[in-house]
Amino acid sequence: MSRAALRDHVGLLARLVLGVVLVVAGALKVGNPLGAARAVQAYDVLPFELARWIGYALPWVEIVVGVLLVLGLFTRVCAVIGTVLMLAFVIGIAQAWARGLSIDCGCFGGGGQVAPEQTKYGREIARDLGLAVCGAWLAIRSRSTWSLDRLLFGDKEMQ
């Protein structure tokens, strides 16, 4: 296998990991928009109304970006959005941890106050950093195996 083919397969893996996680995270929240809004508000960093609207919109953004990544369509743009989302989640979780808040991240539904021993900030930050690395890989090198980008647009824009 050539180095280019290996990188294409790494791109496929990055697309599937980040895309599937985003779809699952969004799907688990989309049926409970009020819960998603409360999860965002629990971070206590945004004005109440803004946090509410972000909570309502975020699951849909996650689903759309995740599906496009799985399909490999508009990969670079979706990878940038996915990376920015993951870095925003890392910052949100880290500031909650630093401020001594005891909240569930709300990443896969739920969210809000929890007992201090129930927080999982370190693991959540590590997970989201790993997902950000997947997005960064695709933002830098969007070319991957079995992508609609490649099928529809060829390889010229994807190096």
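Residues are numbered from 1 along each chain as its sequence is written, and side-chain values use heavy atoms, without hydrogens and water. Because the model is predicted, local features need pLDDT of at least 70 and side-chain atom pairs count only at pLDDT 80 or more, whereas totals for chains, interfaces and linings use all residues.

**View 1. A nonpolar patch on the surface.** Val61, Phe74, Val77, Ile81, Leu151, Leu152 and Phe153 together present about 670 Å² of accessible area (Shrake-Rupley method, 1.4 Å probe, with only the protein chains shown counting as cover). Helix H6 (148-153) and helix H4 (75-98) each supply at least two of the residues, with H6 giving the most, three.

**View 2. The tilted pair of phenylalanine 74 and phenylalanine 153.** Three aromatic pairs are found in the whole structure (ring centres within 6.5 Å; planes under 30 degrees apart are stacked, over 60 edge-to-face, the rest tilted). In this one the centres are 6.5 Å apart and the planes at 35 degrees, so the pair is tilted. Phenylalanine 74 lies in the loop between H3 and H4 and phenylalanine 153 in helix H6, so the pair ties together parts 79 residues apart in sequence.

**View 3. The tilted pair of tryptophan 97 and tyrosine 121.** The ring centres lie 5.8 Å apart, with 35 degrees between the planes. Tryptophan 97 belongs to helix H4 and tyrosine 121 to helix H5 (residues 121-140), 24 residues apart.

Definitions and conventions. Patches are made of residues with over 30% relative accessible area and no salt bridge: like charges are joined within 9 Å, nonpolar side chains (Val, Leu, Ile, Met, Phe, Trp, Tyr) within 5 Å. A salt bridge is a side-chain nitrogen of Lys or Arg within 4 Å of a carboxyl oxygen of Asp or Glu. Helices (H or I, at least four residues) and strands (E, at least two) are DSSP runs, numbered from the N terminus. Rings of Phe, Tyr and Trp (its six-membered ring) pair if their centres lie within 6.5 Å; planes under 30 degrees apart count as stacked, over 60 as edge-to-face and the rest as tilted.
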